[in-house]
Amino acid sequence: MRSHDVQRWIVLFCAALMVAGSTGRRSDAGEASVAPRRVLGILGGMGPEATANLYQEIVRLTPAEKDQDHIPTLIFSFPQIPDRTTAIRDQDRSIIPYLVEGTTRLEKAGASFIVIPCNTVHYFYDDMRRAVKIPVLHMIRETVDEVARRHPKARRIGLLATSGTISTGLYEREFRARGMSLVYPDEAIQKDCVMKAVYGIKAGVDKRTCEDLLFTAGKDVEKKGAEVIVLGCTEIPLAFNPQRASVPVVNATRVLAQAAIREYFREPKDAGAGGRRVTPLPGRP
């Protein structure tokens, strides 16, 4: 599916959801009884295809045997949010109103919690978190926790991410707190392979071309001693081929999907101790 087709699908899908949310007012006692217990909110559009990929992962990983077992979801794809890497580089705070608009719109539409499939935008996490009263899951912390859990003996982690994410040190601080260090692609490879692939994916460039660029970046961090590779940009899993890597690969988009499923099934604190543990169906990873 081409990138512009994915974007059109998400825009139409989100429009339908938002219209449904605005018109579905409770007019009688019967309507109130069908309201979902919890609703997942996704602030997307950074980029649109990556947002679709997150939702696909959520659907694939949810332990469901029929439609009604899946998670009620509101997706607000907001591609007009300014480029995150540029905003960080220029210290441009004009991006904040877009992020506040996105998070508050989801909250008003009925979301119980929010996930955001964009690593770089988590530089502005505190601004988004302060804008709403509902939880906002932290993609980067979730990913670092997953690496520490699955690969507790690893000490050198290779990070493939945007230059904006790398410059913020968001992953570096989280990994350092767990006794792990990061290795990055050389500056030329970061520019000519990683960033070229990221923007190429957004522009609909042939995925095989992008895969080869990311393969080069992956091999570069492997040569530097990476014991695990983290795909720390939501565009990268759309083209990176884990089967061509010589070390384990952790996909931050998939981690966020798993975190969203966990949060949805988590019992509220006032519902008693514990909570429902999500167990995938047979045949699901």
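Helix H3 and helix H12 cross in a right-handed sense (right-handed if the near helix is turned clockwise from the far one by less than a right angle, left-handed if anticlockwise). The model is predicted: local features need pLDDT of at least 70 and side-chain atom pairs count only at pLDDT 80 or more, while totals for chains, interfaces and linings use all residues. Residues are numbered from 1 along each chain as its sequence is written, and side-chain values use heavy atoms, with hydrogens and water left out. Helices (H or I, at least four residues) and strands (E, at least two) are DSSP runs numbered from the N terminus.

**H3 against H12**

- The angle between H3 and H12 is about 55 degrees, and their axes lie 9 Å apart (axes are lines fitted to C-alpha atoms, for helices over the stretch in contact, and angles run from 0 to 180 degrees between N-to-C directions).
- H3 is therefore oblique to H12 (under 35 degrees counts as roughly parallel, over 145 as roughly antiparallel, 65 to 115 as roughly perpendicular, and the rest as oblique).
- On the H3 side, the contact includes Asn53, Leu54, Glu57 and Ile58, which meet H12 residues including Arg254, Leu256, Ala257 and Ile261 (contact means heavy atoms within 4.5 Å).
- The residues of this H3 and H12 contact are seven nonpolar, three polar and three charged (Ala, Val, Leu, Ile, Met, Phe, Trp, Tyr, Cys and Pro count as nonpolar, Asp, Glu, Lys and Arg as charged, and the others, Gly among them, as polar).

**The sheet and the helices on it**

- Three strands form an open sheet in the order S2-S1-S3, with parallel pairing (two strands pair if DSSP finds at least two bridges between them).
- Strand S2 (73-77) and strand S3 (113-115) are the edge strands, each pairing on one side only.
- From one strand to the next, the twist averages 25 degrees.
- Strand S1 (residues 40-44) runs parallel to S3 and is joined to it by three bridges; Ile42 stands opposite Val115 in S3.
- Helix H3 (residues 48-61) lies across S1, S2 and S3, at about 155 degrees to S1.
- Helix H12 (residues 252-265) also packs on the sheet, touching S1 and S3, and its direction makes about 175 degrees with that of S3.

**H10 against H11**

- Helix H10 (residues 187-202) and helix H11 (residues 207-223) cross at roughly 145 degrees, their axes coming within 9 Å.
- The crossing of H10 and H11 is left-handed.
- Among the H10 residues in this contact are Ile189, Asp192, Cys193 and Ala197, and H11 contributes residues including Lys207, Leu213, Leu214 and Asp220.
- The H10 and H11 contact divides into nine nonpolar, two polar and four charged residues.
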